[in-house]
Amino acid sequence: MSTAPMSKPQSYKLVAEHVGIQYRVKRTGENLQAVRDVSFQIKPEEFVCIVGPSGCGKSTFLNAVAGLMPHNRGQLVLDGTKISGPGKDRAVVFQSPALLPWRTVVGNVKYGLELRGTDKQTMMDKSMEMIKLVGLSGHEHKYPNELSGGMQQRVNLARALASDPELLLLDEPFSALDAQTREVMQNELLRIWQETRKTAMFITHQIDEAVFLADRVIVLSKGPGSVVSADIEINLPRPRNEASKADPEFLSKVAQIRQLILH
Ligand SMILES: Nc1ncnc2c1ncn2[C@@H]1O[C@H](COP(=O)(O)OP(=O)(O)O)[C@@H](O)[C@H]1O
Ligand SMILES: [Mg+2]
């Protein structure tokens, strides 16, 4: 008797299944369900953007994936293991670069590795490699206050990548930058992602930024109590550049998502 081969189940990097996240509001003593029911998957090496109106729970969701916040419904699974706290398989880049002001660029990049007890030479080699990757060669010994906002975010990115995470989490990392620097950094991020192929979950409230960067855009509904209102494939060829923004696919997806968010 022969048995048909089992089809291999699609292995996802991240699975979010009916995730709900709530805050206890100290002032009132009540619970606020910030995220109600969020389900989607991220495949290995995929670049997924999450967009949604301000206050819909994007940061809350990212913090739960980072393990910095508990979820009260559903489950979050990374590489087959339920997320129940922070771990070195994830690295986060926040909007404001959380750099240590008394440490140089290389000191900041090394920081995460030091906490992990990596040996000195490996730590130095890895840090220098990441500094080169993010385009900061020659600035290794500068202090954060000598760097522009864009450069500080490059350091943050280098630090996140130095720990070689399975999943890179980015929460509006370019929102505090001026428009021109922001565009440069979007291009730089895509170049770096193309080189490292890190699975990425990138949060933004800017629709054009999401479509420009992503393989897929998850649209969250208005919060609090958000759900996924759309999961949209972006079929824009890579590598992407300024010309991509004139591509009919780019324009139609931006319009479609804008309609979803504004409706
Ligand atoms: N520490 C907190 N305590 C109570 N409510 C919070 C807290 N942080 C955020 N919220 C609420 O949770 C909802 C989602 O917030 P947030 O995740 O920051 O949204 P977004 O990042 O999409 O702008 C909002 O209604 C916000 O007011
Ligand atoms: Mg936010």
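Analyst: Two strands are said to pair if DSSP finds at least two bridges between them. Strands (E, at least two residues) and helices (H or I, at least four) are DSSP runs, numbered from the N terminus. This is a predicted model, in which local features need pLDDT of at least 70, side-chain atom pairs count only at pLDDT 80 or more, and totals for chains, interfaces and linings use all residues; side-chain values use heavy atoms, with hydrogens and water left out. Residues are numbered from 1 along each chain as its sequence is written, while chains are lettered from A and ligands numbered from 1 in the order in which they are written.

User: S4 and S5 form a hairpin; which residue in the turn has a positive phi?

Analyst: Strand S4 covers residues 73-78, and strand S5 covers residues 81-82. Between S4 and S5 there are 2 residues. A positive phi of about 50° belongs to one residue in this turn, namely Asp 79.

User: In which sense do S4 and S5 run, and what is the bridge partner of Val 77 in S5?

Analyst: S4 and S5 are joined by 2 bridges and run antiparallel. In S5, the residue that partners Val 77 is Lys 82.

User: How many bridges are there between S1 and S4?

Analyst: Strand S1 covers residues 14-25. S1 and S4 pair in the antiparallel sense, and the number of bridges is 5.

User: S1 and S2 also form a hairpin; which residue in the turn has a positive phi?

Analyst: S1 and S2 run antiparallel and are joined by 9 bridges. In this pairing, Leu 14 has Ile 42 of S2 opposite. The hairpin has 4 residues between its strands, and a phi of about 75° is found in the turn at Gly 29.

User: Which residues surround ligand 1?

Analyst: A residue is counted as near a molecule if one of its heavy atoms lies within 4 Å of it. Around ligand 1, the residues are Tyr 23, Leu 32, Ala 34, Pro 53, Ser 54, Gly 55, Cys 56, Gly 57, Lys 58, Ser 59, Thr 60 and Pro 224.

User: Which element gives the largest share of the shell around ligand 1?

Analyst: Two elements each give two or more residues to this shell: strand S2 (30-42) and helix H1 (58-66). The largest share is 3 residues, and the element that supplies them is H1.

User: How many residues of the shell around ligand 1 are charged?

Analyst: Asp, Glu, Lys and Arg count as charged; Ala, Val, Leu, Ile, Met, Phe, Trp, Tyr, Cys and Pro count as nonpolar; and the others, Gly among them, count as polar. On this division the shell has 6 nonpolar and 5 polar residues, and the number of charged residues is 1.

User: A nitrogen atom of ligand 1 is 3.4 Å from an N or O atom in the side chain of which residue?

Analyst: The distance falls under the heading of polar contacts, each being a pair of N or O atoms within 3.5 Å. The side chain that supplies the N or O atom at 3.4 Å from the ligand nitrogen is that of Tyr 23.

User: How far does a backbone N or O atom of Gly 55 lie from an oxygen atom of ligand 1?

Analyst: Backbone atoms also take part in contacts with ligand 1: a backbone N or O atom of Cys 56 lies 3.2 Å from an oxygen atom of the ligand. For a backbone N or O atom of Gly 55, the distance to an oxygen atom of ligand 1 is 2.7 Å.

Note on methods
Polar contact = N/O pair within 3.5 Å; in protein donor to acceptor, adjacent residues only side chain to side chain.
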